[in-house]
Amino acid sequence: MDTKSMNLLLRVGAAAAVLSLAACASPEKTPATAAVAVSHNAVENAVSAGAPELAPAEITAARDKMMRANQALAAKDYKTARELAIQAQADARLAQSKANSAKATAAADALNEDLRVLRQEVDRANSDQPQQQ
């Protein structure tokens, strides 16, 4: 074998060794870690949307499940960590949706009140004008 072939063979062998070591790592750890990270972001988004004030039960449930998911991850119980993280993410999204819905409802109510007042003013202005025949 020449030097080029040996270098190529060494590189392929090294790559195979790296892939073998990566395959030995827990297949559940990466999805669990990713799920916990996604649930953390979902909780942050819900908090930013006003969930603590507008959907307190849902955001509390999300935070609790996220905390338990972190504990399970630390204990290397990847299956439980992933399940809890997915549940936390669902709770956080529900909290965010409820908060957004409450804000939209409040905005619609305010707009309806503004329209009611405007109609009253128009009606009053029309009644103050003399009737033309």
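Author: A residue is called buried when its relative accessible area is under 20%, and exposed when that area is over 50%. In this predicted model, buried residues by that cut-off make up 21% of the 133 residues in the chain.

Reader: How do you know that the length of H4 agrees with its number of residues?

Author: Helix H4 takes in residues 56-74, which is 19 residues, and at 1.5 Å a residue these should span 27 Å; the C-alpha atoms at its ends lie 27 Å apart, so the two values agree.

Reader: Which residues of H4 are buried, and what puts them on the same side of the helix?

Author: The buried residues of H4 are Glu58, Ile59, Ala62, Met66, Ala69, Ala72 and Leu73. They cover an arc of only 145° around the axis, and therefore they lie on the same side of H4. On the face turned away from that buried side, H4 carries the exposed residues Ala57, Thr60 and Ala74. The buried residues themselves pack against helix H2 (29-48), helix H3 (51-54) and helix H5 (78-128).

Reader: What makes a set of residues a nonpolar core, and which residues make up the largest one here?

Author: The set must consist of buried residues of the nonpolar kinds, including Ala, Val, Ile and Met, joined through side-chain atoms within 4.5 Å. The largest such core has eleven residues: Ala42, Val43, Ala46, Ala51, Ala55, Ile59, Ala62, Met66, Ala88, Ala92 and Ala95. H2, H4 and H5 are the elements that give two or more residues to this core. Leaving out residues up to four places away in sequence, Ala92 touches Ala42, Val43, Ala46 and Ala62. Another core, of ten residues, lies apart from the largest one, and among its members are Ala32, Val36, Ala69 and Ala85. In soluble globular proteins, nonpolar side chains tend to be buried together.

Reader: Why is Lys76 called exposed, and what is its phi?

Author: The relative accessible area of Lys76 is 61%, and the cut-off for exposed is over 50%, so Lys76 counts as exposed. Lys76 is found in the loop between H4 and H5, and its phi is near 65°, a positive value in a residue other than glycine. Most residues other than glycine have a negative phi. After H2 comes Gly50, whose phi is also positive, near 100°.

Conventions
Residues numbered from 1 in each chain as written. Predicted model: local features only at pLDDT ≥ 70, side-chain atom pairs only at ≥ 80, totals over all residues. Heavy atoms only, no water. Helix = DSSP H or I, 4+ residues; strand = E, 2+ residues; numbered from the N terminus. Expected span 1.5 Å × (residues − 1). Buried < 20%, exposed > 50% of the residue type's maximum accessible area, 1.4 Å probe, protein only. Arc of directions from axis to C-beta. Contact = heavy atoms within 4.5 Å.
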